[in-house]
Amino acid sequence: MEKQPTIYILASGYNGTLYIGVASHLIQRVWQHKQDLVEGFTKRYGVHFLVYYEMHEEVLARNKISIFETSA
């Protein structure tokens, strides 16, 4: 399986809690969240529904740039 950098958004439900993540294998990562195999925020708040994703070649560089822009 080839790595495909992806930004994704999960939700706990309609008008619920959102989680934004970055993964190389989207299907595997969403399955881990749905099965509560990932300790932390998504398990604590029941964030299991994939609502949006974007696949990119340069997703990590894009993510790092946006972090620096918002923290200034």
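Patches are made of residues with over 30% relative accessible area and no salt bridge, and nonpolar side chains are joined within 5 Å. In this predicted model, Leu18, Phe49, Val51 and Tyr52 form such a nonpolar patch on the surface. Together these residues have about 410 Å² of accessible area. Strand β3 supplies the largest share of the patch, 3 residues.

The chain as a whole contains 3 helices and 3 strands. Along the sequence, their order is β-β-α-α-β-α. Of the 72 residues, 21% are buried. The chain exposes about 5,500 Å². Carbon and sulfur atoms supply 57% of that area. Among contacts with a separation of 6 or more, 49% link residues 24 or more positions apart.

Leu18 lies in strand β2, which spans residues 18-23. Leu18 counts as exposed because its relative accessibility is 54%, and the cut-off for exposed is over 50%. Tyr52 belongs to strand β3, residues 49-55. With 41% relative accessibility, Tyr52 counts as partly exposed.

Beyond residues up to four places away, Tyr52 touches Ile7, Tyr8 and Ile9. Within β3, which covers residues 49-55, the side chain of Tyr52 makes a polar contact of 2.6 Å with the side chain of Glu54.

The largest nonpolar core has 6 residues: Tyr8, Leu10, Ala23, Leu26, Val30 and Val47. Ala23, one of the core residues, is in contact with Gln4, Pro5, Thr6, Tyr8 and Arg29, leaving aside neighbours within four places in sequence.

His48 occupies the loop between α2 (41-45) and β3. Its relative accessibility is 18%, so His48 counts as buried; the cut-off is under 20%. Apart from neighbours within four places in sequence, His48 is in contact with Ala11, His33, Lys34, Asp36 and Thr42.

Methods: Residues numbered from 1 in each chain as written. Predicted model: local features only at pLDDT ≥ 70, side-chain atom pairs only at ≥ 80, totals over all residues. Heavy atoms only, no water. Helix = DSSP H or I, 4+ residues; strand = E, 2+ residues; numbered from the N terminus. Buried < 20%, exposed > 50% of the residue type's maximum accessible area, 1.4 Å probe, protein only. Contact = heavy atoms within 4.5 Å. Polar contact = N/O pair within 3.5 Å; in protein donor to acceptor, adjacent residues only side chain to side chain. Core = buried A, V, L, I, M, F, W, Y, C linked by side-chain atoms within 4.5 Å. Patch = residues over 30% accessible without salt bridge, like charges linked within 9 Å, V, L, I, M, F, W, Y side chains within 5 Å. Areas by Shrake-Rupley, 256 points an atom, 1.4 Å probe, with all protein chains shown as cover. Salt bridge = Lys/Arg side-chain N within 4 Å of Asp/Glu carboxyl O.
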